[in-house]
Amino acid sequence: MKHLPSTDRIQRAAVYIRVSTAEQAIHGKSLQAQMEYLQNYADEHGMKVVGVYADEGQTARKELKKRKAIHQLLAAVERDEVDVILFWRMDRWFRSVSDFYKVQDILDAHNCIWISTSEPNISMETRDGRLNLNLVLAIGQNEVDTTSERIRFTVDNMIQNGRIVWGNSNLPLGFKIGELNGRKAVVKNEEEAPMVEEFFRYFRIHQNKTKTVLHMRETFGIPFTYSRLRTMLSSEFYIGKYRENQNYCPAYLTEKEWTEIQKISRKNTKIPPSGRVYLFSGLICCPLCGRLMAGAGQPSIINRKTGEKRYYIYYRCNQAFLDHACEWRRLTSQNLLEQDLLKNLSWTFEDYQVRQATIMKTQRKKKTSRTPEKIQGELKRLNFLYVKERISFEDYDAEYQRLNQELSQVNASALLEEQTHHFRAEEVLKQKDFMQMYESLDQEHRQTFWHGIISKIQINTDAQITSVDFL
């Protein structure tokens, strides 16, 4: 176990919790249970929990870059907001040796330590502790590699034999799970087949993605989006191929037709200009459809004699501009948003605190019989029924997704009630020289700043900020 340095200052602790979907469903290792255990540990050792970072549904095999909570935690460490990181076991933290030491370098640079609360013989402080640490990491890495190889071999073998490796919801338009030669396989969906054939016919003739999206929507009355278009233009399912199996499923196109379509798809592909920084990308919601708005740039001549141009950053709803499924086509200026946020940051944060207090008060009044324990019990029974082959894979997959989503919502509500503080935003607003500090930042660091304290920005149809949600 790590020993805290001798000091009278209360240690600021960050709690890190992780559980994979399978672990939570089968063993009941919920995020809530880990959080309560670590909160109690912090209380018993005189620490103040200043942040809870949860990677839900993430396995130890996930790449470091895909574990979002880890990156949020490291950002707090780099801002020197954390003295100690608490986690239940080392396998909650890392199983990859290389990833562990990448993160450890950052912790060392900011004098931040960690404690594996249930493993007192593992630490970075002593020779024996480091030996035990490296043994645990090496064993964990080997387990991950072995499991990955086994899974990869099994999946590759299933694909080579044309067997199913997912449910209907993951298949592209025009396919479904059906019977082929007495076994389950991917087959054509006869109800959707006319849509697929018309999609490729129209796209090859008109060679225009936007027109194709509108044509599909108007012809078949379905919510056909630009995202679905990109999927269909890139999925090799439509030539019957998946990975190395050239005959995995029935084909809609020949190799020659597919090659031609790929050439059309690549034509006039626009490369985003470099040097632009979108401060609020992924934070602003469209006031009509609620989708996240995308950043874009528009040139404007600022010197007619020299022809000098300046790019102005704005945000737009791609549901309106690309998919034509939303009517809000107004461009929202980044400069105006930035000025508005800086001017009203204090009151927007106070407003958010009031709203969160109301939400938590309402949640405490609600009495529900759907506890995490009950949902986990249903998941265990569902797994038992599937293992005993008493239900089909389709029924299992649908019910599993429903229960897991409900469990996530219940756990998220519990986490929200626990996280009553807003440490980052409060600390920012306490700085007397906040504006001076902000002015000294370049655009990349300003982007990091906003994404470090804000999770969502709501605007009205006049492009005015109506509310801000903080991390």
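This is a predicted model: local features need pLDDT of at least 70, side-chain atom pairs count only at pLDDT 80 or more; totals for chains, interfaces and linings use all residues.
Residues are numbered from 1 along each chain as its sequence is written, and side-chain values use heavy atoms, with hydrogens and water left out.

Contact here means heavy atoms within 4.5 Å. Helices (H or I, at least four residues) and strands (E, at least two) are DSSP runs, numbered from the N terminus. Axes are lines fitted to C-alpha atoms, for helices over the stretch in contact, and angles run from 0 to 180 degrees between N-to-C directions. Strand β11 (residues 454-459) is joined to β12 by five bridges, and the two run antiparallel; I457 stands opposite V468 in β12. Two strands pair if DSSP finds at least two bridges between them.

A second open sheet has four strands in the order β2-β1-β3-β4, and its pairing is parallel. Its edges are β2 (48-56) and β4 (113-116), each with a single partner strand, so one side of each is left without a neighbour in the sheet. On average, neighbouring strands of this sheet are turned by 25 degrees against each other, direction ignored. Eight bridges connect β1 (residues 12-19) with β2 in a parallel arrangement, and R12 stands opposite K48 in β2. Helix α3 (residues 68-78) lies across β1, β2 and β3 (84-87), at about 155 degrees to β2.

Now to the helices α7 and α9. The axes of α7 (residues 193-206) and α9 come within 12 Å and cross at roughly 85 degrees. That makes α7 roughly perpendicular to α9 (a term for angles of 65 to 115 degrees; under 35 counts as roughly parallel, over 145 as roughly antiparallel and the rest as oblique). V196, F199, F200 and F203 in α7 meet L229, M232 and L233 in α9.

Aromatic rings come next. The structure holds 18 aromatic pairs, where rings of Phe, Tyr and Trp (its six-membered ring) pair if their centres lie within 6.5 Å, and planes under 30 degrees apart count as stacked, over 60 as edge-to-face and the rest as tilted. F237 and Y248 form an edge-to-face pair, 6.0 Å centre to centre with 80 degrees between the planes. Both residues lie in the loop between α9 (226-234) and α10 (255-266), so the pair ties together parts that are 11 residues apart in sequence. F237 is buried at 6% relative accessible area, and Y248 is buried at 4% (buried means under 20%, exposed over 50%, partly exposed in between, with a 1.4 Å probe and protein chains only). The rings of F280 and Y315 have centres 6.3 Å apart and planes at 55 degrees, so this pair is tilted. F280 is in the loop between α10 and β7 (284-285) and Y315 in strand β9 (residues 308-316), 35 residues apart.
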